[in-house]
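Please consult the sequence and the structure below while reading.

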Amino acid sequence: MTYRSLLFVPGARPDRFEKALGAGADVVCIDLEDGTPPHQKDEARAAAAAFRSNGRAGVRINGVDTPEFEADCAAIRGAEGCALIMVPKVESADQVALVRDRLGADHVPLWVVIETTEGLHKAWDIAAAEGVAGVLFGGADYSVDIGSDMEWDALAFARGALVAACARAGVQLLDVPYLDIRDAEGLSASTLRVRAMGFTGRACIHPDQVPGVNAAFTPSEAQVAHALKVIETFEAAAGGPALLNGKLIDLPILRAANRILENRRN
């Protein structure tokens, strides 16, 4: 399943886990990293391992270079119905292999967060590493790493590089959460922009952000209708040159139409 939206919920707030599942996100991610203070790591880890979501929630563990990593892996390894395990600050394919070894190679899909210059440098290898199902762009940490703000121009290069790396590897790519939870208009505008770049979804830090993100990544009825017409026109031409509304229909246009139909929601 392609995730349009991923909603983070703090691992230190197990009372919010069930509520998060009802927010409409395609997947929920219990956050044992940034969403959990150091003194609550043990409690949050136990709550995440015990939570049963029937495949609708995953867990972001702490990074491989942290003291919490081994304990997180041990707790989550046998958890039932975990949709994904997210690993922050991944900087090499070797780190992905280490996580798989600790969790069991076939446990659950791995999502990696690329949020440093070193991670971006190795993005092609990381995205293509065995077991990786998706990448989250950690734009906030990345902006600190390069000494920039989080405005569009500052992060444009990193976003473009990750789009190419993930497209080559055939994995999903989520954008960094929009940090102003009260700015619905800004959320929508920037989310449409990253969708146009090639991102497949976006992470959210508040339930109110989920509808806007889902809407941005859900093809409209007009887009679906046009895609169906593209396919019909192409098939009628039996693979030869075809025109639709005065525009040439060729294989790249056909692939784009098929992608729209793959992403439509009933």
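Domain bounds are those of an automatic or database domain assignment. On that basis the protein chain is divided into domain 1 (5-217) and domain 2 (221-264), and their centres, taken over C-alpha atoms, are separated by 33 Å.

The model is predicted: local features need pLDDT of at least 70, side-chain atom pairs count only at pLDDT 80 or more, and totals for chains, interfaces and linings use all residues. Residues are numbered from 1 along each chain as its sequence is written, and side-chain values use heavy atoms, with hydrogens and water left out.

Helices (H or I, at least four residues) and strands (E, at least two) are DSSP runs numbered from the N terminus. A residue is termed buried under 20% relative accessible area, exposed over 50% and partly exposed in between, using a 1.4 Å probe and protein chains only. Strand S5 (residues 110-114) is largely enclosed by the rest of the structure, because five of its five residues are buried. Leu110, Val112 and Ile114 point one way from S5, while Trp111 and Val113 point the other way. In a regular strand, side chains alternate between the two faces of the sheet.

Two strands pair if DSSP finds at least two bridges between them.

| Partner of S5 | Sense | Bridges |
|---|---|---|
| S4 (residues 82-87) | parallel | three bridges |
| S6 (residues 132-137) | parallel | five bridges |

Within these pairings, tryptophan 111 is the bridge partner of methionine 86, and valine 113 stands opposite leucine 136 in S6.

**The annotated site**

An unreviewed UniProt entry lists Glu115 and Asp141 for "binding site". Although these two are spread over 27 residues of sequence, they cluster in space, with a largest C-alpha distance of 5.5 Å. UniProt positions follow the numbering used here, feature names are shortened, and annotations may be inferred rather than shown by experiment. Glutamate 115 lies in the loop between S5 and helix H5 (117-121); this residue is buried, with a relative accessible area of 4%.
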